[in-house]
Amino acid sequence: ADLGTFMHAASGIECRNGAAGRFPCSNVKLEAFLPLSTFGASGGSDIWGWTDPTSQREFAIYGVKESTVFVEITNPSNPIYKGKL
C-alpha cells in the first residue's frame with residue numbers, strides 16, 4: 001500500500017452489545033480500520049500510543065510480525081500510515 005493509505009469506518013461505528021462491526025469492544029467507537037495488508041504484514045502483536053509533546057500530533061505504534069509500524073492518528077477518522085522500521 002502507498003504511504004497515506006487509509007480506510008474509513010463509515011464515519012465511525014458505535015460499540016453495541018460488545019461489538020463495533022465485527023470487532024469486539026467495550027465503551028469505544030471504531031473510527032477507522034487499517035488492514036494488516038496496508039503494512040505488508042501477516043500478523044500483529046501489540047499497539048501503543050504516543051503524542052509529540054511539541055506538535056501534539058498523535059501516533060499509533062504497532063508491532064507487526066515483520067516490523068514496527070507508525071500511523072498518525074491525530075484525526076482518528078483519517079489515520080495516515082507513515083512508515084515502518
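Reader: In this predicted model, is Phe-23 buried, partly exposed or exposed?

Author: The relative accessibility of Phe-23 is 27%. Buried would require under 20% and exposed over 50%. Because the value falls in between, Phe-23 counts as partly exposed.

Reader: How many aromatic pairs does the structure hold, and of which kind is the one that Phe-23 and Phe-33 form?

Author: The structure holds four aromatic pairs.

Reader: How far apart in sequence are the parts that the pair of Phe-23 and Phe-33 ties together?

Author: Phe-23 belongs to strand S3. Phe-33 sits in the loop between S4 and strand S5 (44–51). The pair therefore ties together parts whose separation in sequence is ten residues.

Reader: Of which kind is the aromatic pair of Phe-39 and Tyr-62?

Author: The centres of these two rings are 6.1 Å apart, with 80 degrees between the planes. An angle over 60 degrees sets the class, so the pair of Phe-39 and Tyr-62 is edge-to-face.

Reader: Which elements hold Phe-39 and Tyr-62, and are the two residues buried or exposed?

Author: Phe-39 lies in the loop between S4 and S5, whereas Tyr-62 is part of strand S6. The pair therefore ties together parts that are 23 residues apart in sequence. As to accessibility, both Phe-39 and Tyr-62 are buried.

Reader: Is the disulfide of Cys-15 and Cys-25 right-handed or left-handed?

Author: A disulfide joins Cys-15 to Cys-25, with an S to S distance of 2.0 Å. The torsion about this S-S bond is about 100 degrees, so the disulfide is right-handed.

Reader: Which element gives the largest share of the lining of the largest pocket?

Author: The largest pocket is lined by 21 residues, and among those nearest its centre are Leu-30 and Ile-47. Strand S3 (23–24), strand S4 (29–32) and strand S6 (58–64) each give two or more residues to this lining. The largest share, four residues, comes from S4.

Terms used:
Residues numbered from 1 in each chain as written. Predicted model: local features only at pLDDT ≥ 70, side-chain atom pairs only at ≥ 80, totals over all residues. Heavy atoms only, no water. 1 Å grid on protein atoms, 1.4 Å probe; cavity = no way out; pocket = protein on both sides within 12 Å on 5 of 7 lines; lining within 4 Å. Phe/Tyr/Trp six-rings, centres within 6.5 Å; stacked < 30°, edge-to-face > 60°. Buried < 20%, exposed > 50% of the residue type's maximum accessible area, 1.4 Å probe, protein only. Disulfide = S-S within 2.5 Å.
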